[in-house]
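Please open the structure in a viewer and keep the selection tool at hand.

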Amino acid sequence: MGYYVTVEKDVNVYVEDVGTGTPVVLIHGWPVNHHMFEYQTSQLPKYGYRTIGIDLRGFGKSDRPWQGYSYDRMADDIYEVLEALRLKNVRLIGFSMGGAIAIRYMARHAGKRVSQLILVGAAAPAFTQRPGFPYGSTKAEIDDLLEQVDKDRPQLLTDFGKNFFAQPISDSFRNWFQLLGLEADSHATYETLKSLRDEDLRADLSKIHVPTAIFHGKLDKITPYPLAIVMNEGIKGSLLVPFEHSGHGSFYDEREKFNKELLSFLDSLRYLTGDEEV
């Protein structure tokens, strides 16, 4: 079922809640929405996982306020959802920008209610290059994308989509995925892209103290694979799972392997703890 959760005055985010059992919370990437996880949401409930997809503010069916697109505020939105639903033993999955927001959540809110973290093609610890961090896009490249948001957002999404997957996809799938991006508010698209450009999560990595898996495509052109190595080194005890034939969209490029690895990691904690509440 779908419903709204109020995260601050006059701001509601949309939540899609499917199945019963241990809660898995999915945070989508830029600039799409929770529907990007269709091929996981259709499977996880079969294995005893309550699957909860959140549309970040400004995206999908959520409200589109003018402000609030920093990682701190969006991490606070996730906090408000988990609190409102009174979730326990949450398995938090963040993709791309959603992965960055998940990391900020873990640091800012001490991982409250979360027992396991999965980062998928995460735009972290920084999406852009900076002193002491030579990985990712340049800030000038992101500035060019910001100009395109204001000039021709549909073409930007078309061009962005060409770099998303490493394996052949149908025209129908490509069009569907682009439409997810077009559903976003243009201002939210712009402001979150600024956050991707400017935010730095390097200091957050050491504050993660739950079992963490890092899923990352070796052919990723958007969040290059070296980012995964830096995260793996910075998050104590984390597991790095490379996807040899995947680009940024490992969840679809290698969806059978992705779902198998995801279930294996989720189940590892279930068997270890008996799903004790945290």
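**A tour of the aromatic rings**

Begin by selecting Arg255 and Tyr252: the charged end of Arg255 sits over the ring of Tyr252, 4.5 Å from its centre. Please bear in mind throughout that the model is predicted.

Where in the sequence do Phe165 and Tyr252 lie? Phe165 belongs to the loop between helix H4 (139-162) and helix H5 (171-182), whereas Tyr252 is in helix H8 (residues 250-253), so the pair ties together parts that are 87 residues apart in sequence.

Next, select Phe164 together with Phe165. A search of the whole structure finds 23 aromatic pairs. In the pair formed by Phe164 and Phe165, the ring centres are 5.0 Å apart and the planes are at 50°, so this pair is tilted. Are these two residues buried or exposed? Phe164 has 2% relative accessibility and therefore counts as buried; Phe165, at 13%, counts as buried because the limit is under 20%.

Now widen the selection to Trp30, Tyr39, Phe95, Phe160, Phe164, Phe165, Phe173, Trp176, Phe177, Phe251 and Tyr252, which ring pairs link into a cluster.

Finally, select Lys257 and Phe243. Here the charged end of Lys257 sits over the ring of Phe243, at 4.7 Å from the ring centre.

Notes. Residues numbered from 1 in each chain as written. Predicted model: local features only at pLDDT ≥ 70, side-chain atom pairs only at ≥ 80, totals over all residues. Heavy atoms only, no water. Phe/Tyr/Trp six-rings, centres within 6.5 Å; stacked < 30°, edge-to-face > 60°. Buried < 20%, exposed > 50% of the residue type's maximum accessible area, 1.4 Å probe, protein only. Helix = DSSP H or I, 4+ residues; strand = E, 2+ residues; numbered from the N terminus. Lys NZ or Arg CZ within 6 Å of the ring centre and 35° of its normal.
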